[in-house]
Amino acid sequence: MFEETGPVWLSEEVKTGTTIIAIEFDGGVVLGSDSRVSAGASVVNRVMNKLSPLHDKIYCALSGSAADAQTIAEIVNYQLDVHSIEIGEDPQVRSAATLVRNISYKYKEELSAHLIVAGWDRRDGGQVFATLKGLLTRQPFAVGGSGSSYVYGFVDAEYHKGMRKEECQQFVVNTLSLAMNRDGSSGGVAYIVTIDEHGTEEKVVLGNQLPTFFDQ
Amino acid sequence: MAAAPVMMPYFGQQISSKSDLVPDWTRQEVSTGTTIMAVEYDGGVVIGADSRTTTGAGNTPLTSPVCVCLFQTQVRPILTCVFGPAHSIELDEPPLVETAANLFRASCYRYREELTAGILVAGWDKRKGGQVYSVPIGGMLVRQPVSVGGSGSTYIYGFMDANYKPGMNKEQCMEITAAALSLAMERDGSSGGVVRLASISEEGVERRVILGNQLPKFSTH
């Protein structure tokens with residue numbers, strides 16, 4: 001009782017509470033994430049970029065336990081490098097997603113992280129894969145993390161097929177902003193990554209530049 | 001003021017757990033997930049709920065026609081009763097929405113350890129027009145222009161924040177409520193069925209039901 005136990009957050013698991021989203025358009029994908037990392041009730045990093053590169057044109061979005069998610073991303077990054085040297089060309093998005101899925105499924109009892117894998121390749125263009133709990137499914141768009149619950153209704157209503165790149169970017173920013181307003185574990189700034197055949201573009205939308213809504 | 005939790009018969013505790021004659025679900029307490037929503041407009045309020053609730057209708061009038069409230073209870077339904085007619089006679093006018101909300105809040109706060117209920121009270125009165133009050137679990141009271149509740153409500157916070165604008169008229173409020181409930185029903189396993197809407201204004205209560213096949217459709221459905 002009298003010992004120095006240190007601040008509470010040192011004994012709490014570090015999680016990236018999070019809101020992550022990825023959406024495909026004709027010719028590429030847009031990924032987005034918030035930037036909050038929490039340990040219990042404390043925010044231990046308010047500017048973390050949760051969009052992690054797996055390869056030049058393949059990124060993944062991290063959520064859940066920060067350590068687990070980062071480790072999976074690093075391992076898959078290495079495995080993809082080896083794989084792309086073996087095949088002599090850029091890897092497919094599906095391959096990256098499969099590698100993530102293999103780890104998530106094999107260690108599903110020990111790990112608690114959900115990664116959304118999205119990117120562009122020559123064969124199938126822009127693709128988004130969800131790998132929650134070890135499944136692998138391609139979807140037109142995917143949301144994840146604790147903040148995603150609050151925006152299921154919004155994305156269901158707003159998404160329509162055939163959105164262009166700028167529309168997708170605006171859709172991602174709006175969704176992140178709404179989720180960050182409602183979810184205590186999401187917040188900070190919004191990171192947006194756009195991948196198409198010409199390259200990869202990373203952008204940050206600062207807190208005061210995020211869209212606001214009727215009660216703000 | 002009378003407020004008493006209603007005693008529900010606990011079938012589950014009387015039947016032997018080894019019985020194979022009775023299906024499993026009869027032995028479990030009934031829990032009511034749902035989605036409820038209320039929106040203010042200039043001149044009244046629109047309220048809506050899905051139809052998967054224990055009381056069937058889900059909306060229970062307090063004193064008609066100007067006060068209606070929506071329940072979302074996890075274990076036992078509450079009946080707050082009796083105050084309506086007597087109160088009106090004392091005041092010589094219909095009771096205020098804020099009064100009804102405060103009575104709910106008083107019960108929810110006093111019995112907060114025993115009760116699990118989230119309540120929206122919405123109505124119209126002469127003094128402040130259309131009002132929506134939210135009494136979440138724990139018993140706080142807050143007035144909001146638009147409020148959602150129930151297990152399905154988490155899925156539509158984003159939609160509601162993005163699409164509600166102050167100054168909407170009655171038809172727009174009806175549409176946004178129907179759309180929001182439809183989206184929640186699609187995502188929440190505990191919500192579903194039909195959408196029951198009602199609008200309350202100086203003229204009275206107007207009820208509407210939107211059947212499953214008439215619900216607004218979205219591209220992912």
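How many residue pairs are in polar contact between chain B and chain A? In this predicted model, the count is four, with both residues of each pair at pLDDT 80 or more. On the chain B side, helix H3 (157-163) and helix H4 (170-187) each supply at least two of the residues that touch chain A. H3(B) gives the most to that side, with seven residues. By type, the residues of chain B that touch chain A divide into twelve nonpolar, six polar and two charged.

The contact as a whole takes 20 residues from chain B and 17 residues from chain A. Between them the chains bury about 1600 Å², 63% of it on carbon and sulfur atoms. Two salt bridges are counted between chain B and chain A. A:Arg182 forms a salt bridge with B:Asp161, with 2.9 Å between the closest N and O atoms.

Within chain A, an unreviewed UniProt entry places the feature "active site" at A:Thr18. This residue sits in the loop between strand E1 (14-16) and strand E2 (20-25) of chain A. A:Thr18 counts as buried because its relative accessibility is 0%, under the 20% cut-off. Leaving aside residues up to four places away in sequence, A:Thr18 touches several residues, among them A:Asp34, A:Lys50, A:Asp183 and A:Ser185.

A:Gln127 has 1% relative accessibility and so counts as buried. A polar atom of the A:Gln127 side chain lies 3.0 Å from the backbone oxygen of A:Gly125. Beyond four places in sequence, the residues that A:Gln127 touches include A:Glu24, A:Arg94, A:Asp121 and A:Arg138.

Terms used: Residues numbered from 1 in each chain as written. Chains lettered and ligands numbered in written order. Predicted model: local features only at pLDDT ≥ 70, side-chain atom pairs only at ≥ 80, totals over all residues. Heavy atoms only, no water. UniProt positions renumbered as here; feature names shortened; annotations may be inferred. Helix = DSSP H or I, 4+ residues; strand = E, 2+ residues; numbered from the N terminus. Buried < 20%, exposed > 50% of the residue type's maximum accessible area, 1.4 Å probe, protein only. Contact = heavy atoms within 4.5 Å. Polar contact = N/O pair within 3.5 Å; in protein donor to acceptor, adjacent residues only side chain to side chain. Buried area = accessible area lost by both parts, 1.4 Å probe. Salt bridge = Lys/Arg side-chain N within 4 Å of Asp/Glu carboxyl O. Nonpolar A, V, L, I, M, F, W, Y, C, P; charged D, E, K, R; others polar.
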